[in-house]
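Morning, everyone. Let's go through the strand pairing in this one. Please look at the model first.

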Amino acid sequence: MCLSTVYKLVDGTDEPEEVCSLVSTAKTDGETVTFKDIMGTETKLTGKISSIDLVQNKIYVACAS
């Protein structure tokens, strides 16, 4: 099973911020991205998926500051 870690990229900052881990699903709806981890906990971010690294299991979401 491949689980990912989600990172938030905020305008004006250099370092991505870890938002959630052990993510099994991701769903987009307009400007909202919803992630669900293996325990069923949902995390919602306002922004858009910037990139996904399937080898390192990382998802980056671009968010406004």
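Start with strand β1, residues 4–10, and strand β2, residues 17–29: they pair in the antiparallel sense over 4 bridges. On terms: strands are DSSP runs of E with at least two residues, numbered from the N terminus. Two of them pair if DSSP finds at least two bridges between them.

This is a predicted model, where local features need pLDDT of at least 70, side-chain atom pairs count only at pLDDT 80 or more, and totals for chains, interfaces and linings use all residues. Residues are numbered from 1 along each chain as its sequence is written, and side-chain values use heavy atoms, with hydrogens and water left out.

Back to β1 and β2. Which residue in β2 is the bridge partner of Val 6? Cys 20.

Next, β1 and strand β6, residues 58–63. These two pair in the parallel sense, over 6 bridges. Lys 8 has Val 61 of β6 as its bridge partner. For Val 10, the partner in β6 is Cys 63.

Now β6 and strand β5, residues 48–53. Their pairing is antiparallel, over 5 bridges. Lys 48 is bridged to Ala 62 in β6. β5 and β6 also form a hairpin, with 4 residues between them. Asn 57, in the turn, has a positive phi of about 55 degrees.
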